[in-house]
Amino acid sequence: MKTLVILASILGDRSRSNQLADHLIQRLRQLEPAGSIQVRDLGADPIPYFDGATAGALFTPADQRTAAQSAMVARSDALIAELFDADRIVFAVPVYNFSLPAQLKSYIDYIARAGVTFRYTPEGVSEGLLKGKQVLVLSTRGGKARGTPSDTLTPYLTQILAFVGLADPVFITAEGMALGELAAQEGLAQARQHIDALVQAQPPQRRAA
Ligand SMILES: Cc1cc2nc3c(=O)[nH]c(=O)nc-3n(C[C@H](O)[C@H](O)[C@H](O)COP(=O)(O)O)c2cc1C
């Protein structure tokens, strides 16, 4: 089982979502000693902002690209190859200003590629092409919003992940990170329990596409 963990926090060692990802990684190493785990840390090692030049590079035919454009496309290709290669994809995502960190949004702009990670059928229906993966989102937030309209992260991530084929993500959220240390530790402990229950319950095989 190959697991790809994508970290999105900008807070490094102080990050709570990174703590949840660390907990999951520890559990997976115990349960799947032969499995591989690859970590992409978008906070520590940000990918360049997805800008007009990047979009232009992607729209330029391969044989007409400059060296700089080829490098931009190669970055997108490499990020996408990691996703196709993984059996399980874990996103560790803090809520920043009711949304996802800009680093993760830029990453999404690199990997949502027509004809590569999604396509439109002749009937005009979109089809995600990253199929057959287990998808887990470990999220942290300062306040409490689960199940309310203030949780704008869950619907957005559910939609964009499904768009590229990463359907049915399991969300585990630690809330109350900014409501005092006691509340933060309670939120993290609950999330760790959910992670433990999930990894025990999930068979370590690739899901049917
Ligand atoms: C720039 C910034 C914006 C934030 N915006 C929100 C927010 O809109 N809602 C919320 O509940 N918490 C918000 N928080 C609190 C974080 O979600 C909380 O501290 C969480 O633990 C961050 O995850 P991390 O520690 O992995 O970075 C914000 C924190 C930062 C640094």
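Visitor: Which polar backbone atom is 2.9 Å from an oxygen atom of the ligand?
Guide: One of Gly 143. Keep in mind that this is a predicted model.

Visitor: What about Phe 98, how far is its backbone N or O atom from an oxygen atom of the ligand?
Guide: The distance is 2.8 Å.

Visitor: And Ser 15, what does its side chain do there?
Guide: A polar atom of the Ser 15 side chain sits 2.7 Å from a ligand oxygen.

Visitor: How many residues surround the ligand?
Guide: There are 15. The closest are Ser 9, Ser 15, Ser 17, Val 95 and Asn 97.

Visitor: Switching to the sheet. What is the strand order?
Guide: The order is β2-β1-β3-β6-β7. Five strands make up this open sheet, and their pairing is parallel.

Visitor: Which strands stand at the edges?
Guide: β2 and β7, the latter spanning 170-174. Each has a single partner strand, so one side of each lacks a neighbour in the sheet.

Visitor: How much are neighbouring strands turned against each other?
Guide: By 15° on average, with direction ignored.

Visitor: What packs on the sheet?
Guide: Helix α1, residues 16-31, does. This helix touches β1, β2, β3, β6 and β7. Its direction makes about 140° with that of β6.

Visitor: And where does α5 lie?
Guide: Across β3, β6 and β7. α5 runs at about 155° to β6.

Visitor: Back to β1. How many bridges join it to β3?
Guide: Five. β1 covers residues 2-7 and β3 covers residues 88-94; the two run parallel. In that pairing, Val 5 has Val 90 as its bridge partner in β3.

Visitor: And how many bridges join β1 to β2?
Guide: Six, and these strands also run parallel. Leu 7 has Asp 41 as its bridge partner in β2.

Visitor: Why is β1 largely enclosed by the rest of the structure?
Guide: Because five of its six residues are buried.

Visitor: Now charges. How many salt bridges are there?
Guide: The count comes to 12. As background, side chains of opposite charge can pair when their charged atoms come close.

Visitor: What does Arg 40 form a salt bridge with?
Guide: Glu 82, with the closest N and O atoms 2.8 Å apart. This pair links distant parts of the chain, 42 residues apart. Arg 40 is in strand β2 (residues 36-41), and Glu 82 is in helix α3 (residues 67-85).

Visitor: Is Glu 82 buried or exposed?
Guide: Glu 82 is buried, because its relative accessible area is 13% and the cut-off for buried is under 20%.

Visitor: What about Asp 151, which residue does it form a salt bridge with?
Guide: Arg 141, and their closest N and O atoms are 2.9 Å apart. Both lie in the loop between β6 (134-140) and α5 (153-163), 10 residues apart.

Visitor: Are those two buried or exposed?
Guide: Asp 151 counts as buried at 10% relative accessibility. Arg 141 counts as buried at 7%.

Visitor: Which residues are linked with them in a network of salt bridges?
Guide: Arg 146 and Glu 175. The network consists of Arg 141, Arg 146, Asp 151 and Glu 175.

Visitor: And what does Arg 119 form a salt bridge with?
Guide: Glu 127, where the closest N and O atoms are 2.5 Å apart. Arg 119 counts as partly exposed, at 37% relative accessibility.

Visitor: Next, Phe 163. Where is it found?
Guide: In helix α5. Phe 163 counts as partly exposed, at 23% relative accessibility.

Visitor: What does Phe 163 touch, leaving out residues up to four places away?
Guide: Thr 117, Phe 118, Tyr 120, Ser 126, Glu 127 and Gly 128. The C-alpha atoms of Phe 163 and Phe 118 are separated by 6.8 Å, though the residues are 45 apart along the chain.

Visitor: Thr 117, then. Where is it found, and is it buried or exposed?
Guide: Thr 117 is in the loop between α4 (102-111) and β4 (118-120). Thr 117 counts as buried, at 0% relative accessibility.

Visitor: What lies 2.8 Å from a polar atom of the Thr 117 side chain?
Guide: The backbone nitrogen of Arg 113.

Visitor: And which residues is Thr 117 in contact with beyond four places in sequence?
Guide: Among them are Ile 80, Phe 84, Ile 111, Leu 129, Leu 130 and Val 164. Phe 163 and Glu 127 are also included.

How values were computed: Residues are numbered from 1 along each chain as its sequence is written. This is a predicted model: local features need pLDDT of at least 70, side-chain atom pairs count only at pLDDT 80 or more; totals for chains, interfaces and linings use all residues. Side-chain values use heavy atoms; hydrogens and water are left out. A salt bridge is a side-chain nitrogen of Lys or Arg within 4 Å of a carboxyl oxygen of Asp or Glu. Helices (H or I, at least four residues) and strands (E, at least two) are DSSP runs, numbered from the N terminus. Buried means under 20% relative accessible area, exposed over 50%, partly exposed in between (1.4 Å probe, protein chains only). Two strands pair if DSSP finds at least two bridges between them. Axes are lines fitted to C-alpha atoms, for helices over the stretch in contact, and angles run from 0 to 180 degrees between N-to-C directions. Contact means heavy atoms within 4.5 Å. A residue is near a molecule or strand if one of its heavy atoms lies within 4 Å of it. A polar contact is a pair of N or O atoms within 3.5 Å; within protein, one must be able to donate a hydrogen and the other to accept it, and residues adjacent in sequence count only if both atoms are side-chain atoms.
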